Amino acid sequence: MTPIAVIGLLLLSVALFAIAAATLWWMLHAWRTPAVLRTTGFEVRRDEPRCSFSLLVPARHEEAVLGHTLDQLADLDHPSFEVLAIVGHDDDGTRSVAEASAARHPDRVRVVVDQNWPKNKPKALNTALPECRGDVVGVFDAEDEVDRRLLRQVDTCFTTTDAHVVQGGVQLVNFQSSWYSLRNCLEYFFWFRSRLHLHAEHRFIPLGGNTVFVRRDVLQAVGGWDPECLAEDCELGVRLSALGARVEVAYDPTLVTREETPPTLVALFKQRTRWNQGFLQVLRKGEWRRLPTSRQRMLARYTLAMPFLQAITGIAIPISLLAMMRFHAPVPIAMLSFLPAVPTLATLAFEAAGLREFGRLYYVRPRAWDYVRLVAGTFVYQVILAAAAIRAVARELRGARGWEKTAHVGAHRAPSVATIDLRDGVGASVEQANL
Amino acid sequence: MSVDERLVELGLDPEPTEAPDVRIGLSARARSWAWFHRRSIAIVTPLLVLAVVVQHSNLSRWPAPFDDEGTYVAQGWAVQVHHQLAHYTYWYDHPPLGWIQLALWNWPQAVLGRSTHAITDGRNAMVIASVVSAALVYVLARRLGLGRPAAAGALVIFTLCPLALAQHRMVLLDNIAVPWLLAALVLAASPRRSLWAAGAAGVCAGVAVLSKETFLLLTPVVAWQLWRHADRKTRSFCLTAFGVALGMLVLAYPLYALLKGELIPGADHVSLVDAIRFQLFDRNSSGSVLDHASGSRATVETWLALDPWLLFGGLVVGGCAFFSKSMRSMRPLALALVILVLAMLRGGYLPGPFVIGALPFAALLVAGLGDAMARTFSSRSASPQLRFGAGLTTVALLLSLVVVGPNWLHHDRQLLGTNDAQPTWDAEGWVAQNVPRTERIIVDDTMWLDLVRQGFDEHTGVVWFFKLDSTNNLDPSVAQQLPNGWREFNFIVSTPYLRRSLVEMPGGLQPVRDALKSSRVVATFGAGDNTVEVRAIDPQGPQP
């Protein structure tokens, strides 16, 4: 091995180690000390409601799940709120489901028809924004399982803090559906339970796509969502952070919005491509450069580039190890090349601990088999994430910015609901239609 | 109204300024730390000064240099000078981190000025290790809930017990591992119960294991302490951090062997698996502790001759800790003693320094008993019977203090006035003056490095006596270089350790026995068991 190759591999090892270690440390933010865990918890209080809410539910080809979601939202425990279902002008199936629900709850649910073309989620949201009457605008997805007590808690959060934005918890719960759903669930768990709190603390936060609540005046003042961004939620969060908005993260396992993982690996791959491309767009747009401190800008740069760094590390670590073994590097150098494996394996161990914690919070008992799947699936999952990151870069360079929508079948719902949806044959056909 | 104005009105500032830097400076933090701990600092500082003085006095004269000390000092030198783990083939006898740390000490030592004997330099490093350990004993005692007087008591016991005094100054891997193990326990009892501390505890425990492999036995103690101390909600993450840090560090050792192609046994190389097999199974057993005539029994008796009080006291109190509610926090320490006793009873080879791992735990337990009794006695909520019992135990402890204290001080003063090392140093001086540098000498490890520094050839000029065959090592390099074995040598230095090895390994070390038989004494130093002889070998001597 030439000295230059050795030095190059060493630098690569150190860089990979740093990336993996930083990601791990941020992933574990909430568990740093018991005190931090307490402060990142959601103080459950029952103050008198003071705010009114407009809840936006953009839906496209969601006739399988939308009706149930709207009925559930209409039934939330809060005196003052409205639900706006946003449907496309070309999507009669979804529209009729939404209108049926509006007919069942005339004083709660309204239907807004989005005429834009081509269609995407931010355009739908912007269409509904002028129609909102509440003090606070909330966003939900068509397949969300929302806890009945959520609005009162969010209300308390707005009235007891000076927050402009409240991000509620979202959790994928169907971790036993498939090997990748397990990993997907854990990703959400670590993100909402832990990592988002770090972002809120540093006042730079890429918001989530649903269960996010923004004061209507603030939203209108900044002009709503970016209609061309594939990660409109993240973009809004970054833009608001740059303006100094205060964000509260309200995570409580009893109040999280439950979602399902994408039904197939291909769907997951496409969803991840869209997110990555969205992050890339936000990175290029450069709003984050207006963040006041250099530390925040570093965090922003790092977070937005994360999917790509993750892709690089996931692939580069095994390759650098193989290279070291193959070319018989001197023993101390070969030892150092194992450095990035340390945080990587540590991450895996903490994911196992996280799975246990997840099971404790959501009253499910992960089986030994789930831990096996967790470990066994790591590498393949990394490869899929890496491939999605590469595809995102390729699409962005090509200028392909179409919205690849994720289909929903209701696997996260109580069995009875999901079965009804599937028996109608609608859920299955939607899945087919969208892929 | 512009958007910007509207945003300001909404409480959003579109052009925020740099956040004010409110970080507290290091010196301010240090000052507030010192102020917060002023009472402990006032107690510990003089005790640590005392520890330095006691540990440092008579350092080069007592106890007599021990073979292992020479081994580690020489291997530390090999790390520093040759950038190798040993000057002979490294055969995985112990993980190397202990003497790597020793090698690090060589730089400050070189600045301070080297002494005539490499072992004395190594012992200086041990003074540092034992003083750090003493400080950590105090901190650990405090973190386990002991009052300041009891914590100070643990420190004093740990420093002044004659057995500790004898063991702590010798250049032994155990002495290097102990401060790391104590640091791991201190971190596992971190008041903030942070994830960092749990991971750092794992790192410290890992360094302890890589310094001396037997400390692997004590890692469950740290894990248990961490488990007891951690918050229920962060416990699994803390234990994961600990386990991952410890596991990764310890795995680095087999990884090193793997990368060198020396993990699995093979025809033409040493291997880690062979070495582990040797240490655990093949090494000559020193017999059962319960057998009066065994080597293990002799080892234990040398410990008890120096001080029976602390070891027995620690064991008794350790047993009580499992049943007494007021000593709950001490249970992991009691577990440490239980593990060590079980390991001792297992049979196999019992090394003399084995006791070092038990000393801090015994000291802490005895002090912990005093603390618990004093608390119970002064507690209003305890029943009168309990308070009476506690009072009685306190009186018994104070009485034993009156008996043991002066006994220890007397013993310590005696030991610190002894000169056991002189015969070895004199023999070394004689060889340096009278033996030409072209001659070959069989020595024990204690004088090897000094003679190399005097100009003898490090490869085949001076040679460790047990490198001549494979009774007590798995490195064939010397035997291969000198095919005629002992006949290639001109001198052999017979030390107490060499003679004891011959007794302890009957049937082994044949080349050494032959060399002794075919040689005559040319110089003698010391008397009785401590005698060191320089003997000239007659290579044509009668076939023994």
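Which side chain meets that of R123(B) in a salt bridge? In this predicted model, in which local features need pLDDT of at least 70, side-chain atom pairs count only at pLDDT 80 or more and totals for chains, interfaces and linings use all residues, the partner is E69(B), at 2.9 Å from N to O. A salt bridge is taken as a side-chain nitrogen of Lys or Arg within 4 Å of a carboxyl oxygen of Asp or Glu. R123(B) lies in helix α6 (residues 118-143) of chain B and E69(B) in helix α4 (residues 67-82) of chain B, so the pair ties together parts 54 residues apart in sequence. Helices (H or I, at least four residues) and strands (E, at least two) are DSSP runs, numbered from the N terminus. Both R123(B) and E69(B) are buried, where buried means under 20% relative accessible area, exposed over 50% and partly exposed in between (1.4 Å probe, protein chains only).

A second salt bridge in chain B joins D274(B) to R277(B), with the closest N and O atoms 3.5 Å apart. These residues stand three apart in helix α13 (residues 272-282) of chain B, a separation of about one helical turn. D274(B) is partly exposed at 23% relative accessibility, and R277(B) is partly exposed at 39%. In chain A, salt bridges with shared partners join E82(A), R110(A), E131(A) and R133(A) into one network.

Over all chains, the count is 32 salt bridges. One of them pairs R246(A) with D162(A) at 3.1 Å, N to O. Residues are numbered from 1 along each chain as its sequence is written, chains are lettered from A and ligands numbered from 1 in the order in which they are written, and side-chain values use heavy atoms, with hydrogens and water left out.
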